[in-house]
Amino acid sequence: MANPRPKLSPSLILGVILCCWLSSSVAMGATYNVVNFGAKSDGKTDSTEAFLNAWSKACASSDPASMYVPQGRFLLRSATFNGQCNNKGITVTIDGTLVAPSDYGVTGNAGNWLQFDGVNGVSIRGGVLDGQGSALWNCKNSGKSNCPTGATTLAFTNSNNIAIGGLTSMNSQLFHIVFNGCQNVKVQGVKVMADGNSPNTDGIHVQMSSHVTILNSKIRTGDDCISIGPGTSNLWIENIACGPGHGISIGSLGKDLQEPGVQNVTVKTVTFTGTQNGVRIKTWGRPTNGFVRNVLFQDAIMSNVENPVIIDQNYCPDDKGCPGQASGVKVSDVTYQDIHGTSATQVAVKFDCSSKYPCSGIRLEDVKLTYKNQPALASCNHAGGAALGTVQPESCF
């Protein structure tokens, strides 16, 4: 007969749990509250140095650490949070609002308002970032020539293992959130808000980055909801509400003669409402060695969208530097699957591809787009592919 197993007493179990909790607490390291470093929650006092000092302490910790922003409004000038930290896990929890200076001259030429450079394992949870960009939008929209370019609200550069959840970015001067030169990024539950007439306020921009996931987010802005730049690969975008805005765009690409391509992009379960475009690929009409390949646009609903499905390879703003030339970007293996809804223009599907490198491997599968309750039209230039299942408008291949 086997010996019965000894029963563990409740006190022993509690002791083990407490021990594990304590060890995990120690492993998490300290929490650095920006208020303890002199930050003021009045929205008027410059708290930039307090935030940078709190970051320095968290970065210097040998254990994963936290930086905490309590409720209130905290005024920050342009700030860069540099990496090469002693740990690979800093959590920035924001219960309050970070506010940019109302005078766009203070940060308008800084490039970025808030930047994380060379960091590894940083997470941002919650919070509101208010770029206060409306005055700069008005300057640009008035046609004045002396307006600064503006600052991106939140930029991650040359960084790895980044997570952003529950963050709201509003009224950015320029792009809201940018990932440039990053690997392994997850964005979830983000809200982006800016006026429909706010220029160059892309919601989320990704370039020179790989293994980026963007999920469950709502983006209302004056430019692309999500823009995908050169050197992007293994990008997954899912469950996005876009509008107003310019849609989800790969591009513009091909501005430079030597430029890395875009590949392995999935965009699925997206709703476009009143946007200028739906799913778009845009390239400059001039020579380059760039490419776009292996792209899937799946399960998109269009509501009164001007260009629901578009490839534009003749982008040439102000007819400068490219008239009469052909795009060198090779577009291939792009699939449009389960695309439904209404177009605000008669031509709902437009493939205007390069005359030198025609689009190839374009697939339309189960597409139904209408214009004023009638079948919409499709237009093809230098495009080749196949239509499968029910496709409306009728394929122009």
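Which handedness, right-handed or left-handed, does the link of Cys316 and Cys322 have? With 110° about the S-S bond, the link is right-handed. Keep in mind as you look around that this is a predicted model.

**The disulfides**

A disulfide is a covalent bond between the sulfur atoms of two cysteines. By the distance rule used here, the structure has six disulfides. If you number the bonded cysteines of the chain in sequence order, they pair as 1-2, 3-4, 5-6, 7-8, 9-10 and 11-12. Here are some of these bonds, with the distance between the sulfur atoms.

| Disulfide | S to S distance |
|---|---|
| Cys316 and Cys322 | 2.1 Å |
| Cys353 and Cys359 | 2.0 Å |
| Cys380 and Cys396 | 1.9 Å |

The link of Cys353 and Cys359 is left-handed, with -100° about the S-S bond. The link of Cys380 and Cys396 is right-handed, with 65° about the S-S bond. Cys380 sits in strand S30 (residues 377-381), while Cys396 sits in the segment after strand S31 (383-392), so this pair ties together parts that are 16 residues apart in sequence.

Are these cysteines buried or exposed? Cys316 has a relative accessibility of 15%, so it counts as buried. Cys322 counts as buried too, because its relative accessibility is 3%. Both Cys353 and Cys359 are buried. Cys380 is partly exposed, with a relative accessible area of 22%, and Cys396 counts as partly exposed at 26% relative accessibility.

Cys182 itself counts as buried, because its relative accessibility is 0%.

**The largest pocket**

Rolling a probe the size of a water molecule over the atoms shows where empty space is left. The largest pocket holds about 700 Å³ of space. Its lining is made of 34 residues, and Gly251, Ser252, Lys282, Trp284 and Tyr315 lie nearest the centre. Several strands give two or more residues to this lining, including S17 (204-207), S21 (248-253) and S25 (307-315). Strand S25 gives the most, with five residues. Sorted by class, the lining of the largest pocket has ten nonpolar, 13 polar and eleven charged residues.

How many cavities of 30 Å³ or more does a search of the whole structure find? The search finds two. The largest cavity holds about 120 Å³ of space. Among the residues that line this cavity are Phe51, Met67, Val92, Ile94 and Leu114. Strand S6 (90-94) and strand S8 (112-117) are the elements that give two or more residues to the lining. By class, the lining of the largest cavity has twelve nonpolar residues, no polar and no charged ones.

The second largest cavity holds about 40 Å³. Its lining includes Ala100, Thr107, Trp113 and Gln173. Here the classes come out as three nonpolar, five polar and no charged residues.

Phe51, one of the residues lining the largest cavity, is also one of the buried residues of helix H2, along with Thr48, Ala50 and Leu52. Helix H2 (residues 48-60) has 13 residues. From its first C-alpha to its last, H2 reaches 18 Å, close to the 18 Å expected at 1.5 Å a residue.

Key
Residues numbered from 1 in each chain as written. Predicted model: local features only at pLDDT ≥ 70, side-chain atom pairs only at ≥ 80, totals over all residues. Heavy atoms only, no water. Disulfide = S-S within 2.5 Å. Buried < 20%, exposed > 50% of the residue type's maximum accessible area, 1.4 Å probe, protein only. Helix = DSSP H or I, 4+ residues; strand = E, 2+ residues; numbered from the N terminus. 1 Å grid on protein atoms, 1.4 Å probe; cavity = no way out; pocket = protein on both sides within 12 Å on 5 of 7 lines; lining within 4 Å. Points joined across faces, edges and corners; volume = space filled by probe spheres on them. Nonpolar A, V, L, I, M, F, W, Y, C, P; charged D, E, K, R; others polar. Expected span 1.5 Å × (residues − 1).
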